[in-house]
Amino acid sequence: MSANSLDGKVAVITGGSRGIGLGIATAYRAAGAHVVIAARKPAGLAEAREELLRVKGDGDVHTVVANAGEPEQAERCVEETMARFGRVDVLVNNAATNPYHGDLLDLDLPRAEKTVRVNQYGMIAWTRCAWRAWMAEHGGAVVNIASVGGLIVDPHIGYYNATKAAMLHMTRQLAYELGPRARVNAIAPGLIKTELARAVWEVREPILTAKLPLRRLGTVEDVAHAALFLATDASSWMTGQTLVLDGGATALPIGVEG
């Protein structure tokens, strides 16, 4: 078996019905995995499943309606996965929320709690379920989709970025706690050309890319390739680490205007 293969493995992906999550599911299926995609909306899951079934691969595709911020729904998803496939080899904590834009001092408690519940505690809840159901005894890989925002200061989404910074720390903490059975790594994407972020990048793309060393924005496929690497034996001696995929944005000297 190739080091980049997921033949016979089972991967659960939260927020898997669109964007980065669907891109990762596509890459995993092409690599031979059975994929379980979880998301809140049944219609989106149904469309995503049809798209995934068109990808060449031997693995099955299963969908579960689940909110990443509800621990009991994480348990139900993992229970369904175990009942259907008998294993959970890879967990991708991809789902996230960002209900607040603005200064930290104007942040209200309900939106703060929602952000933490999904972006931080959700990661713990889903990892716990996968660990207890399969990985504690058989091993596995956890891939956390954070953000380059967890490494920088932003004038509009500071609290969202703080939860992503917490994800990066918890990735290291869980790598310590779950080793040597399971590996835990993270990806910190920069601006990715998804439909969800279209309003951010479409009009300003020439300006944004002119400043980047690689002169382009990221794609869903860029993140999916990294997620495949972290899920397979190709990264078998790697845990507690963060792959930054930002086209070189964090490598720019201070004050550079492009």
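## A first look at this fold

In this predicted model, 72% of the contacts between residues at least 6 apart in sequence join residues at least 24 apart. With that in mind, let us look at the chain as a whole.

### The whole protein

The protein has 8 helices and 7 strands. Its radius of gyration is 18 Å, close to the 18 Å that the globule rule gives for 258 residues, so the protein is as compact as a globular protein of that length. Along the principal axes, the C-alpha atoms fill a box of roughly 50 × 40 × 40 Å. Of the 258 residues, 48% are buried.

### Inside the protein

Which residues have the most contacts inside the largest nonpolar core? They are Leu6, Ile24, Tyr28, Val92, Val143 and Ile187, in a core of 33 residues. Several elements each supply at least two residues of this core, among them strands β1 (10-14) and β2 (34-39) and helices α1 (19-30) and α2 (42-53). The largest share, 8 residues, comes from α8.

A second, separate core has 31 residues, including Ala68, Val78, Val88 and Val142.

Is Trp237 buried or exposed? Trp237 counts as exposed because its relative accessibility is 86%, and exposed means over 50%. You can find Trp237 in the loop between α8 and β7 (242-245). Trp237 and Val12 are 225 residues apart in sequence, and their C-alpha atoms lie 22 Å apart in space.

Now turn to Thr209, in helix α7 (residues 205-211). Thr209 is buried because its relative accessible area is 12%, and buried means under 20%. Leaving aside neighbours within four places in sequence, Thr209 is in contact with Arg215, Arg216 and Leu217.

Here are these two residues side by side.

| Residue | Relative accessible area | State |
|---|---|---|
| Trp237 | 86% | exposed |
| Thr209 | 12% | buried |

How values were computed. Residues are numbered from 1 along each chain as its sequence is written. This is a predicted model: local features need pLDDT of at least 70, side-chain atom pairs count only at pLDDT 80 or more; totals for chains, interfaces and linings use all residues. Side-chain values use heavy atoms; hydrogens and water are left out. Helices (H or I, at least four residues) and strands (E, at least two) are DSSP runs, numbered from the N terminus. The radius of gyration is taken over C-alpha atoms; the globule rule is 2.2 Å times the number of residues to the power 0.38. Buried means under 20% relative accessible area, exposed over 50%, partly exposed in between (1.4 Å probe, protein chains only). Contact means heavy atoms within 4.5 Å. A nonpolar core is a set of buried Ala, Val, Leu, Ile, Met, Phe, Trp, Tyr and Cys residues joined through side-chain atoms within 4.5 Å.
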